[in-house]
Amino acid sequence: MDIRFQVDSAPVLGPLLVLFAAVTVVQVWRGRWRKYHALLQLAAGVYLSAVLSLTIFPLNVTWGVYANQAPWVGQINFIPLLTADLTFVPNVLMLVPAGFLLPLLFRHATSPGRAALITATVSLTLEAAQLLSYIVLNNGRSVDVNDVLANTLGGLAGYALARLALRAPSLRAPLLAAARPGSAALREEHRRTTAGDPPPPAPIADPVVRP
């Protein structure tokens, strides 16, 4: 028995994106979501679909005589940097937008350490999905610790860019307008505005010169 077929990303992710866009339009029309919030979430949805298209899809299902017979343990590279190649750079760039979106969408992305942890968790989830697809579908995908390192670096770089953008006067207002309610960026802005600017230091009196 030999079963071989391929599942492309468009038939799976395309309808999901259309459904998400439809829900977004309804939420905006009902006044539950602001337009800027909706645009940011739509952009995040498109970005997530692109990442899944690059990392998970297409799913090549092979069962039977021509299935990959190599053990799944041999598909994992546990040694960091030793086998790193030029694919390290694209893996860094792929998670830069994710790092940028973190403080605008999530409340816990309040520091570089937390941003790195979130990004590493996302990367590990993608690698685990690739390994599971290899075990179940025999589609030959491998798991590499270098991908996790590269993705984490990309997330940190994107987070740093977001912090810089939030400090730029020309970008701060539109980014905060698009940020999700309860996000780290809006929570920080709320703390800053409620705390107020610190009072200026008291002037130092000139010493009295006595004759």
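**Contacts first**

I count a contact when heavy atoms lie within 4.5 Å. With that in hand, I looked at how far apart the partners sit along the chain. Of the contacts in the chain with a separation of 6 or more, 79% join residues 24 or more positions apart.

**Ground rules**

I am reading a predicted model, where local features need pLDDT of at least 70, side-chain atom pairs count only at pLDDT 80 or more, and totals for chains, interfaces and linings use all residues. Residues are numbered from 1 along each chain as its sequence is written, and side-chain values use heavy atoms, with hydrogens and water left out.

**The whole chain**

I listed the elements next. The chain has eight helices and four strands. Helices here are DSSP runs of H or I with at least four residues, strands are runs of E with at least two, and both are numbered from the N terminus. From the N terminus on, the order is β-α-α-β-β-α-α-α-β-α-α-α.

Then I looked up burial. Buried means under 20% relative accessible area, exposed means over 50%, and partly exposed is in between (1.4 Å probe, protein chains only). Of the 211 residues in the chain, 36% are buried. The chain exposes about 13,400 Å², and carbon and sulfur atoms supply 70% of that area. Accessible areas come from the Shrake-Rupley method with a 1.4 Å probe; for residues, only the protein chains shown count as cover.

**H2 against H4**

I turned to helix H2 (residues 35–55) and helix H4 (residues 96–105). They pack at an angle of about 145°, with their axes 11 Å apart. The axes are lines fitted to C-alpha atoms, for helices over the stretch in contact, and angles run from 0 to 180 degrees between N-to-C directions.

Which residues meet? From H2 come Leu40, Gln41, Ala44 and Tyr47; from H4 come Pro97, Ala98, Leu101, Leu104 and Leu105. I sorted the residues of this contact: eight are nonpolar, one is polar and none is charged. Nonpolar covers Ala, Val, Leu, Ile, Met, Phe, Trp, Tyr, Cys and Pro; charged covers Asp, Glu, Lys and Arg; the others, Gly among them, are polar.

**H7**

Helix H7 spans residues 169–178, and Leu175, Leu176, Ala177 and Ala178 are buried there. I checked their partners. The buried residues of H7 pack against H2, H4, helix H6 (145–167) and helix H8 (184–195).

Leu117 is in helix H5 (residues 112–137). Is Leu117 buried or exposed? Its relative accessible area is 57%, so Leu117 is exposed. Its C-alpha atom is separated by 9.6 Å from that of Leu156, 39 residues apart along the chain.

Glu127 also lies in H5. Glu127 counts as buried because its relative accessibility is 6%. Leaving aside neighbours within four places in sequence, Glu127 is in contact with Ser142, Val143, Asp144, Asp147 and Val148. A polar atom of the Glu127 side chain lies 3.2 Å from the backbone nitrogen of Asp144.

Thr152 lies in helix H6. At a relative accessible area of 14%, Thr152 is buried. Beyond its neighbours within four places in sequence, Thr152 is in contact with Ala116, Thr119 and Ala120. The C-alpha atoms of Thr152 and Thr121 are separated by 8.9 Å, and the two residues are 31 apart along the chain.

**A cis bond**

Most peptide bonds are trans. I found that the bond from Phe57 to Pro58 is cis, with omega near -5°. Pro58 is in the loop between H2 and strand E2 (59–64).

Terms used: A polar contact is a pair of N or O atoms within 3.5 Å; within protein, one must be able to donate a hydrogen and the other to accept it, and residues adjacent in sequence count only if both atoms are side-chain atoms.
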